[in-house]
Amino acid sequence: MTTETTGTPPAPTAERRSWLRDRSELGVCILLLALGVLVLTDALTMDVDIAQRGPVGPKTVPIVVGAGLLLIAALLAVDVLRGGRGEAEAGEDIDLSEPADWRTVLLLAGVFLGAAVLIEPLGFPIAGALLFWGAAYALGSRRLDRDPLIAAVISLVTYAVFNNLLGVPLPGGPLMGVL
């Protein structure tokens with residue numbers, strides 16, 4: 001291939017970029033591979049007390065999930081390298097000519113990170129309420145009279161279900177004595 005104006009071949013960097021752009025789905029393969037390795041490493045290095053083991057121990061599900069992630073990553077990579085391409089979005093509610101709404105994405109990421117940082121010192125009921133209210137705000141709800149109340153109820157119900165019904169202890173924070 002030569003360029004029309006100079007008659008010289010295209011630069012190798014341009015060819016490499018074009019090859020990578022045509023196979024951008026390989027980025028998903030790399031992400032799935034990294035997640036699979038992380039899950040498997042974490043599962044295999046898990047410290048399990050001998051008394052906790054049964055026919056299906058706490059390592060079983062993470063090992064199956066990690067192996068599944070590795071298998072999916074390999075199958076997707078083979079498909080992409082053979083020329084498979086993701087199907088273009090054809091949803092009726094999506095306008096592909098509009099740019100991505102990075103403000104909403106960044107607000108949601110900040111809300112999730114904030115909740116992760118605040119869950120230990122404030123406990124799940126407060127951090128969860130902030131998470132639910134912040135997510136509603138980031139997604140466009142501006143009902144300041146209703147949203148914090150709904151977020152608090154959802155957070156308290158979630159805390160009660162996990163802590164009392166499922167037996168999964170969540171940090172209560174300063175509300176530990178009250179709840």
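Mentor: Among the contacts in the protein with a separation of 6 or more, 57% are between residues 24 or more positions apart. The model is a predicted one, and the protein in it has six helices and zero strands. Of its 179 residues, 20% count as buried.

The part to look at is helix α4, residues 102-122.

Thr104, Leu108, Val111 and Ala115 are buried in α4. The spacing of these positions can be read against a general rule: an α-helix has 3.6 residues a turn, so residues three or four places apart point the same way. The partner of the buried residues of α4 is α5 (124-138), against which they pack.

Two packed helices are described by the angle between their axes and the distance between the axes. For α4 and α5 the angle is about 175° and the axes are 8 Å apart. An angle over 145 degrees counts as roughly antiparallel, and α4 and α5 therefore have that relation to each other.

The residues that meet can be listed by helix. On the α4 side they are Thr104, Leu107, Leu108, Val111, Phe112, Ala115, Leu118, Ile119 and Leu122. On the α5 side they are Phe124, Ile126, Ala127, Leu130, Leu131, Gly134, Ala135 and Ala138. Thr104, Leu108, Val111 and Ala115, the buried residues named above, are among those of α4 that meet α5.

One residue beyond this pair also deserves a look. Asp147 is found in helix α6, residues 147-165. Asp147 has a relative accessible area of 8%, which means that this residue is buried. Leaving out residues up to four places away in sequence, Asp147 touches Trp133, Ser141 and Arg142. With Ser141 there is also a polar contact, side chain to side chain, at 2.4 Å. Trp133, another of the residues touched by Asp147, lies within the range of α5, 124-138.

Methods
Residues are numbered from 1 along each chain as its sequence is written. This is a predicted model: local features need pLDDT of at least 70, side-chain atom pairs count only at pLDDT 80 or more; totals for chains, interfaces and linings use all residues. Side-chain values use heavy atoms; hydrogens and water are left out. Helices (H or I, at least four residues) and strands (E, at least two) are DSSP runs, numbered from the N terminus. Buried means under 20% relative accessible area, exposed over 50%, partly exposed in between (1.4 Å probe, protein chains only). A polar contact is a pair of N or O atoms within 3.5 Å; within protein, one must be able to donate a hydrogen and the other to accept it, and residues adjacent in sequence count only if both atoms are side-chain atoms. Contact means heavy atoms within 4.5 Å. The expected span of a helix is 1.5 Å times one less than its number of residues. Axes are lines fitted to C-alpha atoms, for helices over the stretch in contact, and angles run from 0 to 180 degrees between N-to-C directions. Angles under 35 degrees count as roughly parallel, over 145 as roughly antiparallel, 65 to 115 as roughly perpendicular and the rest as oblique.
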